[in-house]
Structure formats: structure tokens, C-alpha cells
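Here is a guided walk through one protein model.

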Amino acid sequence: MITANTVTSQIASKLAQTLFVYPITPSTAATKTASILAPEKTFQTSSELASIAGVHGAGHYKLPSATFTASQGLLLMLPSILKMTGERVPGVIHVAARSLATHSLSIQGDHQDIAQLQNSGAIIISSKDAKSCEIDALASYLISAKLQQPVIHFYDGFITSDELVNLKSSKIDFEGIYAHFLTKFNISGKLESKNVGMIAGSNIHFQMTEAQTFEARDYQNEIQKVYDFLEDKIGVKLGFFEGCEKTNKNKIEHLVVSTGSSVDSVKFAVKQHPDVDYLDIKLFRPFQHQKLAKILQQYRNLKTVTILDRYREITSPDTEILYLDMLKTKEIHPSNYKILAGVYGLSGKDFSYKDVDLIIQNAKTSTLKNFTVGINDDLNFTSLNQYFQADTKKYSNPGLALNVFSIASEGLISAVQTFSQSLSDDFPFIAQRAHYDAKKAGGNNRTEVRFGSEYIPTGFEGVVAVSNLTLFDRNSQEIDQKIQEDGFVIVNGPQDLVKNAFKSTKNCKVYCVDMQDLDFKVKSNFHFLFSIALCMEKEGKLTFNQTNQIKQNLKLQLTNISSKKHIKNIDQQLQFFDKLTQKISYFDYQKPTVQPQNLQQFQPQNYKISDETPTSYFKNMRNGFKHATNRENKLNFATAIPIWDDKKCIQCGKCVAACPHACIEGYLLTETEFMNFEKLAKTKISRQKIGQYYYIIQSAPRDCTGCTICEQVCPTKALDMKRNVAETNLHESTLFEFVNNIQQKTEYKERVPKTKTFTEKSLQFIESNLKYHSACAGCGETGYINLLAKINDKLPGLKMGIIQGTGCPLAYLGDVNDQPFKQQIFWNNSLFEDTAEVAIGLAAATRIRGEKTPIWSIQGDGSAYDIDFAGIDALARSSENVNCLVLDTHGYSNTGGQKSASSPPQAKMELGHNLVQKNLVLMMMHYKNAFLATISNNDVVRSARVLRAAQEFPGPSLVIAYAPCISHGVSGFNSVKQEKLAVESGLFPLVQFDPRKQRGERLVLESTKKISIADMGERRFDGADFEALDGLLRENEEDIRGLCKVM
């Protein structure tokens, strides 16, 4: 099984002269594959701007080089693409088409990015699935070489790019065909003596433009020659348009025209309508109006043509690209058919055969000329969903659909992949697609697997599996929509708890998988997947041999993962597979006798934003979104939670300081409050006092991620991780709600002891302004942002202005439905490439307005060291009072762990060829203008003091914080330990630079190398030459000591 990203990358690695890559979701997987298949010609750059520049430069040899990108990355490439089209320079840009960052940011797929290049002059080719990517990618290289023009080959991001399909290995000799093509058309890879890209004034520029326009008129003939060549070589007929498969054209009254992944759903639906046909636009640009007009002339009784766009012109609606193309086509050959135009599937919103049914109903009634589909638009009233209801009885599922609902970070998606691959020999068609929200941990995931003897579109109800009972508390509506009437559901949980949690509007059999006997510290996702197979076998959906194959493959995958991660208890985990048949029970569920008018009764009130949210909800977006929307969204997924032992506690506050999610805090209670707390706890509690108040520690069990860090740092073992069973959860939640209500009282802050300096003990009583976010369990970044919020807690009015760079923090700070900042903070997401500059602009306006609000940019090392390095340089030289916090994970964490310029030379991470590691502090201190420092949260007190010093510095400041990441090859549960080891190994020296001080005193080194980097135990250093690496780190430390004397 394979994805479109992989298919495209395989061909690119064979045909591209060179590959210039930069990670961006969702095309990163393609860059990774390319670097593995063709490492000698794959170069990781510092930005998309640099990638396309590399393609541009290499293209002067007349052979196309290539890159992979999406969204804003494609827009950064636009200036170079314009140059390439004007200079006639070949190159191929493979695009996993994606939404653009406008009113919000989304990583999901649509055609907003592609739409911006309609006038670039580049050839644009669309692929609808992984199989078509194979031929279209090949054609892209041939067309680019033939026309000496850049070609943009795109497929829908995530929907196509990451969908796993059962596609057998190709037998096409791609390299042989390419070589033959170059020879036949006399295309040589030579650098010639000539001048390109000259200056042209008003006297000749116009004429040069028209000369190029004249040449471009012949592009369609040249592209046809390429298609004819490929038909001769591989026997596949390619066209500018595909579809129109129904032979009796006189019976056709309605035509639906689309491009990309929507085509298959349209094709499936129109089969049930004898008077409807479909058309797939393959050559997006240059659009072939004449050819389309000739196709339409075949339909003598055509009444409507419905054209579908997967992007929206916000300020000029109903002027979308393909709609305008259709209008121009009709102008060329006037006819009586009506043109209907629809917008669908923005940002990856599901587009199924049910939506196509609505489109066909609209065509037959001509109800709306311009429409949307798939949403509830109660502002413009253009949604077909408001006028029609899909006639689902017309369509039958030719196979089976399985939807697995899980929680982000469970690792279930990869286990489902093993499940699917185990069946690849038995089912000609298999497709697996993952749907997920932006959360790093605790979010809602849905993995859809469709398998059968022929193509199955998305949207059918079928088998449903639910990995965690808490999903019914926040996702009941979507779960219910996927359950088939009189079908069956598999739920991970004992039957008594499942009966209490389960709810649906349909009759079904509910299988319960009780895995409470399995060690709660063991991830049970592999066992749950096998349970799904067992239940499907019982229902006759799988055979014994298929179930057994799934079992063997899951065992193998679990063994391999356990070996790599040094997981214990592997034998117990493997033996548990054989016990699962005894752990499965079932009950028959009867739907409520009185059905609700809609499913809102099954959608918890704390999750109000969903697929069903009407347009009017977002009418006043310009006013921003609310703070602390995550306070009510209880993720409630930790397998274990910390229980406080008051007898052992010494009030040190280390647990509170260390918690990355602010899920455990110290509280100060009056005597009455303390006695009431005791009653709720149903036990006597030690009367520890701070001043006149009684001291307790309490966790938020439904927000805790179970990372165990609080337990690790406690010096007296006063915290113990207990299994998060229902009884424990309810008890601890009751205690938390009691103390949380007290903490929210206005006068509570007056109880906090007044201190002039930060200590762990004093920091624990400052309520975190950043609570319960969805970062990975044990995240190494979030503690620094939490500290930043705490040091500004007592400022009047607006506490901070934050410009947040794109990256991991955006995922856990910027979710509309899950915003964790409490209040009195201005927060804005900038682009990846301009975070520091936006912060400078905000700081300048703040100064001019006479405000005192501290301004911070928060960005990762991928931004600060690479794509926005120029911005960091500008900040360090600035005269503005602007601060920058760099969360340094030594790589691109948000896209899976690729190297950045901050990565250590011998670290084994994806992509990257850097042999030298950048040191921002040492580079920027030569300006002698900014306050500079590095911090590590193994010493929280120092981190807090440095952040305060940076903010109080009358000018720019740059603070770099070491943030361990799971991409380093260690669990997030060990982040505090790894922070300490990074400092002690010399990998991350602690320094401060204050330009106000005298020479020889400005730079201070505050750490010393004590251990070998081998002692860090991180898999990214497996196979490293530790002697050489330790020598390099000692040399770096000596260099810093030398600079301390002269700076």
C-alpha cells in the first residue's frame, strides 16, 4: 500500500536532475522519501524561497529539477516561478494542495494555494488519486523538459497526499522512457553561453511580453506531443480532460465538472443517474477552452453544466477560476445550457457521494445558480444542504467501511495502517484516510478504512470502533453519523462503563473489549485493533485467516517498536493477544423511542464548534476569539493521574513548576475551606500552613495528560501515579472543582505570599495563565510559555502581546475551540517566515501609542535559525523594545523532526546536510545591542529570572530555550531529565549577554560540561562518534570562555 506523496516522490527521485526540499505539511512525507531514495541529489534548504531558487538555478542546464511544497510555501515560490516562466527555465513543483493562512490557518487540503498561481504562466496539472499521480508526475517532467517551462503538479493535501491505497508496484521504466524522450526531442543537459533575464525598459518590455504570449499559444500542441509519446510507450491515453464515459451522449442532460480528489465521488454518484455525466479537468493551466467547447458539443440535449471549485474568492464571490473558465468556454461556442457553479470541500471538509447527490438535484431543478455544499450557510443561504436532502437509498456500498475513532497521540493511526496492509492481498481496493484536529495530544482522530472489490467513496456508514470512552463525551455526534443502522460497534472498555457512556440514534450491536488486566502503562492500541478484527470475524466481515494475518502483523509491529524504544513487558503484551477472545462481550442497543430533531442532544455543550456549526457563528471574526475556550473541553484521556500524599509533601513546589500542562497546582485555603476539602476527600489531611492559610496540592484529572513528570521531580515521593479509573477520576475531579472555584475568586491573589524574587515555592502560587493545552504529553516547550505568563501576572491591564510563529505552539495555543490563555493577552499567529518582523511592527506601534505592554515573539528554531533568520537579525539590531523567545527543539518538530540549522551535526534526523550548528547568541552578540540568553527548565527559577531580565531590558532581547522533543528519540515523559542532561553534556550551554555592561563582563557562561553526550541516551545520537562530538562541545565551551574575556 502506498500514498500519493510516496508515488510522486519515487518518480521525482528518478527523474529530477536535483531535488531541493524544505519541510511543510502535508508534503513533508514526499521530501523524506526523496531524501532516502536519492540522498546524493537531495538538498534541504532553509526555506521554500531557497528551494525554488535551487530549482531555478539548476534548471539552466535545460533539465528539470524539482521540489515539494504546499500552501504558503508555494506562495513564497511565486516570484521565482514567474522568473522561470519568463526565462523559459524548466522545473517541477509537486504540490500537496492546501488551504492558505487568511482569517485562520489550516493544514487541510483544498485549492486555495493553486488558485493564486493561475496567472503565473506555469503549466498546472491535476491528479485525482495516487494512481493518476504516477502518470501525471512522469508527464510533468517530460512537459517541463519539452516546453522549457516550470510545471506545477498538484494533488489534494491529506485527502490524496496521505491516503493509503492498495496500488501495486509499477512496471513502467520511468528512467528509460525519460531518457528516450530527451533523445527523441534533442533535449541536452548543457549550460550554454548566453544572457538570460536582462533589463528591458518601456520601449521593448511590452513587445517581449507579446512575443512570449505568441509562443505560449502553441503549448497545447507541444503538450499533446508529450501525451502521444506516452501513449505509445505505456499504452495509457492522456488528455487535457478525462471522463465523459457514457456512450449515449444524447441522453445526457446534466454534466458535473470538477478536478482533483472530488472526481471519484462525482463519478460514483453519476452512475446512478442515466441523464448525468462527469468531466475531470486534468490540465488546469493553460485551460483549454476550445477543447472543452468541442466536448460539450457532443451533448446535444445538455441542460446544465455544474462546475465545482475547491477554493473561494472571498472579496469577489462567484468569480472562482473554473467558473470563469466555464463562462469563457460558453462565449466561444454559445449554447442553451445553464452554467451552475459550486464551492465545496474547503480545508479538507468531507466531500462524499451524498454531496454529489445534492448537486445533481440542484442541476435538475436549477434551484441555485451559485451554491455551496457541505455546510450550513445561514448568512448567504447558498448551501444546498438547506434546500435538498440526499437520496441515499439510490447508492449501495460495494464493500465495507470501517471508522476507527481514537485520541491523538495514542498511535492508533499507524496500527490501523498495519490492519489495512494485512488485507491488501485479499481486497483489490483498500483506502485508508486519517481525519484529525490540530491538537498534539488528546485530540479527536478518525481513521476511515474502505475495502472491497471495487472503488468505494467516502461517506458510507459501516463498522465503527471507539478506542476510548471519553470520546463519547466530546464526539458522539460524528460517531453516531458513521454507525450503520442494525450494524455493530466495537468499544474499548468494560461492558458496564460502555453501557453508561454509549449513545446513538440507531439500533446496533455493541461489542465491549475489557483490557483492564493489561498494564495501564502499556499502550493497548495494537490489542484494540486485533479486537476489531475478532469482532469483524464474528460478524462475517473477515475470515479466520485474515484475522490471523492481522494478529501476526500487529505482533511484529509491536515487537519492532518495543525494540527501538526499549519498552519493557513485551512478552506480557504479546501474550495478551491470545487472551482477547475472552475479553470481548456484547449487548444489543435499542435507539431512543423518541428521536431528536437533530443530533445536538448527543453533542456535549462544551464542544459547540463542529461540522454542523452555522456560518453566522463566525460573523464577527474581526473581533477575535474568546480566551480560555479549553477550560470546559475536558480531554480526559490520561491512563494514570497523580495522587497527592500530604504526609510526604514538603511544599517545595517542584511538581507545579515542572508540569508542562499546568494540571497540578498548590492552593492556599482558609480553615473553613480546608475542612470542607477534607470532607470531600473523606480522609484526614496534614495541616500544613503557609502564613495563615492551609496548603494542599491538587491535580486536574480530566486535563492531565499522565506524563508522570510531577511524580519524577518530587523529592519525597509525595505524588503517585494511579490508574485513572472512573471512581478515581470522579473523586479527584470533585476535589479539583472545589479548589478551582476558590482560586477564581477575585480576592484569592491576596493570599499569595509576596516575594521580591522568584523561587519554586513562590511560583507555584501564581495561577498559570496557560492551562490545559493540548501539547504532547510532557512537552518540553510549554513550560517556558507558562513562565512567561507567570512573570507578567501582576502587570495591570493587558499582560502581554504575543506574536506566535507557525509551528508546534500554534497547534496547542491557536485552536479556536481549545484556546488555553486565560485572559488579558493579545495573541496573533504570524507566518512562519516573518514572526520577528511582525513583532517588531507591534512593538513600534506600542511605543508610538505610549503603551507599556511587553511584546514577545515566540518561534521555533526552524523559524529563528532558518526561514526567519533575517527577521531575528533585524530584531537583534532593532531599537524597539521587543523580545523573542525561541523554543529550540534542534529541528522541525511540527513536521516530524527534520534538521534545522540548530541541529547538532551528528544528530540522526530527517533530511539535512548541515555539518555546522548555528549559535544565534554568539552571532547576534557582536551587534552589542540586544540582551541575549539561553535557558533550560531544569532550573525553572533561573529561567524565570532571565525572562524577566530580558523583558526589562530597554531594547531588543533574544532568549533561546532548550526544549526536548519526542523527535529526539526519547519519551516526552523525560523532558525535564533531558533538559538537565543537555546542559551538563555541553550540548546546550547556559549563557547571558548584557550589552550595557563593561567589556569582559557582558558575556557570562553559567554552565560547565560534566558528562558525555552519550549519557543523554537519545536515539538521535545512535551511532554517533561520541569522542569527536564531546571534543567539539568542549571546544565550543572553551571558545565561549575566551569570548567572555573580550566581549
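In which helix is the place of glutamate 732? Glutamate 732 sits in helix α24, which covers residues 726–743. Please keep in mind that this is a predicted model.

**A charged residue inside**

Glutamate 732 is buried, and yet it has no salt bridge. The nearest side chain of opposite charge belongs to lysine 722, which is 10 Å away. A salt bridge needs the nitrogen and the oxygen to be within 4 Å. What does the side chain of glutamate 732 meet in a polar contact? It is the side chain of glutamine 698, at 3.0 Å. Leaving aside neighbours within four places in sequence, glutamate 732 is in contact with Ile641, Ile643, Gln698, Ser699 and Pro701.

**Pairs of opposite charge**

Side chains of opposite charge can pair when their charged atoms come close. How many salt bridges does the count come to? The count comes to 48 salt bridges. Three of these pairs are set out here.

| Pair | Closest N to O |
|---|---|
| Lysine 282 and aspartate 136 | 2.5 Å |
| Glutamate 880 and arginine 847 | 2.8 Å |

Let us begin with the salt bridge between lysine 282 and aspartate 136. Lysine 282 lies in the loop between β10 (276–281) and β11 (283–285), while aspartate 136 is in helix α6 (residues 130–147), so the pair ties together parts that are 146 residues apart in sequence. Are these two residues buried or exposed? Both lysine 282 and aspartate 136 are buried.

Lysine 349 is partly exposed, because its relative accessible area is 21%. Aspartate 611 has a relative accessible area of 51%, so it counts as exposed.

The salt bridge between glutamate 880 and arginine 847 also links distant parts of the chain, 33 residues apart. Glutamate 880 is in the loop between α30 (869–876) and β30 (883–888), and arginine 847 is in helix α28 (residues 835–848). Glutamate 880 counts as buried because its relative accessibility is 8%, whereas arginine 847, at 52%, counts as exposed.

Salt bridges can also link up into a network, as they do for Glu163, Arg433, Glu448 and Arg450.

**Strands side by side**

Now find the open sheet of eight strands, in the order β7-β16-β17-β15-β18-β19-β20-β21, with mixed pairing. Which strands stand at its edges? They are β7 (164–165) and β21 (584–589); each has a single partner strand, so one side of each is left without a neighbour in the sheet. Within this sheet, β15 (residues 399–407) and β18 (residues 463–466) run parallel and are joined by four bridges. Phenylalanine 405 has valine 466 in β18 as its bridge partner.

Another parallel pair is β12 (residues 304–309) and β13, with six bridges between them. Here leucine 308 stands opposite glycine 342 in β13. In β13 (residues 338–344), six of the seven residues are buried, so this strand is largely enclosed by the rest of the structure.

Look also at β31 (residues 931–935), where five of the five residues are buried, so it too is largely enclosed by the rest of the structure. In a regular strand the side chains alternate between the two faces of the sheet. In β31, Phe931, Ala933 and Ile935 point one way, and Leu932 and Thr934 point the other way. Five bridges join β31 to β32 (residues 957–962), and the two run parallel. Phenylalanine 931 stands opposite serine 957 in β32.

**A helix and a loop**

Why does the span of helix α12 (residues 321–332) agree with what it should be? At 1.5 Å a residue, its twelve residues should span 16 Å, and the end C-alpha atoms are 17 Å apart, which agrees. The buried residues of α12 are Ile321, Leu322, Tyr323, Asp325, Met326 and Thr329.

Our last stop is threonine 382, in the loop between β14 (370–373) and β15. Threonine 382 counts as buried because its relative accessibility is 18%. The side chains of threonine 382 and aspartate 377 are joined by a polar contact of 3.0 Å.

Methods
Residues numbered from 1 in each chain as written. Predicted model: local features only at pLDDT ≥ 70, side-chain atom pairs only at ≥ 80, totals over all residues. Heavy atoms only, no water. Buried < 20%, exposed > 50% of the residue type's maximum accessible area, 1.4 Å probe, protein only. Lys, Arg positive; Asp, Glu negative; His and termini not counted. Polar contact = N/O pair within 3.5 Å; in protein donor to acceptor, adjacent residues only side chain to side chain. Contact = heavy atoms within 4.5 Å. Expected span 1.5 Å × (residues − 1). Pairing = 2+ DSSP bridges.
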